[in-house]
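Here are my notebook entries from a browse through one model. Have the structure open alongside and follow along.

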Amino acid sequence: MYNEKVMDHFEHPRNQGVIEDANGTGEVGNAQCGDIMKIYLKVEDDVITDVKFQTFGCGAAVASSSMATEMIKGKTLKEAWDLSNKAVAEALEGLPPQKLHCSVLAEESIHAAINDYRTQHGLEAWEEKKGSHAEHQH
Amino acid sequence: MNTEKRLVYMDHAATTATRQDVAEAMVPYMTGTFGNPSSLYDLAKVSREAVEKAREQVAVAIGAEPKQIYFTSGGTESDNWAVKGIAFARKAKGNHIITTVIEHHAISHTCEWLEKQGFSVTCLPVDRFGMVDPADVENAITDETILITVMMANNEVGTIEPIAEIGAIARKHSVLFHTDAVQAVGHIPVDVGAQNIDLLSLSGHKFHGPKGTGALYIGPGVRLDPLMHGGAQERGRRAGTENVPGIVGMGLALSLAVADMAENAKRVTTLRDRLTEGMLAIPNTYLNGHPDKRLPNNVNVVFEFIEGESILLLLNRWGIAASTGSACSSKSLEPSHVLIACGLPHDVVHGSLRLTLGEETTAEDVDYVIGAVKDVVQHLRDMSPLTPPELRSQS
């Protein structure tokens, strides 16, 4: 059901784990829906120097977390904020239609972690674009 | 991760391989003796006799008369025919049907459709082991009740229902009783007389027969509308040219399954218990279904903090074929209605794994699966944000 790229990221997830001294964390989803994603960020001078994830969920959820963390590592917070779920799904060379919401979860958890960092550092939380999560339906 | 690669098929409740001897017995009816049983010439007579022999084999296996066996295209057709056929044949008498929350979709979706046609359906609950209470059945009967349908054994959790008792209650109240015995026939003893069954559905591919074959047992005096309209096959009750090779294969497969049933069940039960023990040795793991009133080949467990589709994908890399009730693995994204009915919370249902053994399963297979599942569960628990620290690998 999944392509090779997705299976590669599912079986060999990049950046899986915890950052003990993370300065931004975000968790989205819920166990009822069957997926939870937690992102840990290490931000230095507005740049994401390290990122880790923990995921409870299906193959697509794990692969999306893995790919999304790879895509934001070394990026500025603004660049990371602009990573869309569509870009994650495209980088994975496609997800089955009923699994697209997993890539939305990756985008949302990164946003949550970035805003956690910003609010902790006296900055205003960025606002979600309206309608950007229309695909996350259960 | 895994170094050894083999194929361990642990999904016999989904389907089974057609036995080699069964497949070989079918071939002549596709090639040399291909005649239509309805035709007059000698070639057709061979087909006709083969169908009647299979009818007898099926009848003997469930304690019925050959004339009470009607061949269909499988369990789904048998279930649809029984429920819709009775509902429409008896609608002058009443419009109420009693069923349960754990039925296969072939029953539950049929009942939902009948509700849209004006019938009224009572869906009985089950206890945490997936067991229906016969007292609930009796209490649900009204003057309008025309049919009770309760499955003999559940396909997900393997629980064996008190069919004879429910059948006796149905008899007492003069209500017809149907049972979906798709998972039971060929695996546990079935006797339509002793179990007070009026209609019974069975499916060929669950006992090493071919796919696309099934039968409906219709007891004496039971009238039901046809599902398939057309020719006069099956004594005018089920139209369509008989699937002669399929019917031959199903009849032979069932007679072979029943001949070896007691011995197989004993052997498979031992392996099942070994596998269950191995699963429950994994912390925060729980058994679904009844501890002993369950099919000889069914193991169904939930692992906390992880999700079933991920388990299946990783087990597949070990060459293990299994199944889950997780919403994430189903096309509908709906979690298992059976596990929910047993009272499992939604978040725990996602971590379910069903392993169903077969005749060819060995103790080595079981030990290999135990090892693989342990590895997979730990891998996923290490990745999950829900896992408590004491269950994580030391790294």
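I started at Phe305(B), which lies in the loop between β10 and α10 of chain B. (Helices, H or I of at least four residues, and strands, E of at least two, are DSSP runs numbered from the N terminus.) Phe305(B) is not a glycine, yet its phi is positive, about 75°. Is Phe305(B) buried or exposed? It counts as buried because it has 21 C-beta neighbours inside 10 Å. (Buried means 20 or more other C-beta atoms within 10 Å of its own, exposed 12 or fewer, partly exposed in between, with C-beta atoms placed from the backbone.)

A note on the source: this is a predicted model, where local features need pLDDT of at least 70, side-chain atom pairs count only at pLDDT 80 or more, and totals for chains, interfaces and linings use all residues. Residues are numbered from 1 along each chain as its sequence is written, while chains are lettered from A and ligands numbered from 1 in the order in which they are written.

Next I looked up Arg235(B), also not a glycine, with a positive phi of about 50°. Arg235(B) is found in helix α7 (residues 233–236) of chain B. Arg235(B) counts as exposed because it has 8 C-beta neighbours inside 10 Å.

Then I went to the sheet. Three strands of chain B form an open sheet in the order β9-β10-β12, with antiparallel pairing. (Strands pair if DSSP finds at least two bridges between them.) β9 (285–287) and β12 (352–356) of chain B are the edge strands, each pairing on one side only. β9(B) and β10(B) (residues 298–303) are joined by three bridges, and Leu287(B) stands opposite Val301(B) of β10(B).

My next stop was a helix pair. The axes of α10(B) (residues 308–317) and α13(B) (residues 363–383) come within 10 Å and cross at roughly 130°. (Axes are lines fitted to C-alpha atoms, for helices over the stretch in contact, and angles run from 0 to 180 degrees between N-to-C directions.) That makes α10(B) oblique to α13(B). (Under 35 degrees is roughly parallel, over 145 roughly antiparallel, 65 to 115 roughly perpendicular, and the rest oblique.) Ser310(B) and Leu314(B) are among the contact residues of α10(B), with Ala372(B) and His379(B) among those of α13(B). (Contact means C-beta atoms, placed from the backbone, within 7 Å.)

Last, I checked the chain contact, which takes 19 residues from chain B and 19 residues from chain A. On the chain B side, α10(B) gives the largest share, four residues.

Note on methods
Contact = placed C-beta atoms within 7 Å.
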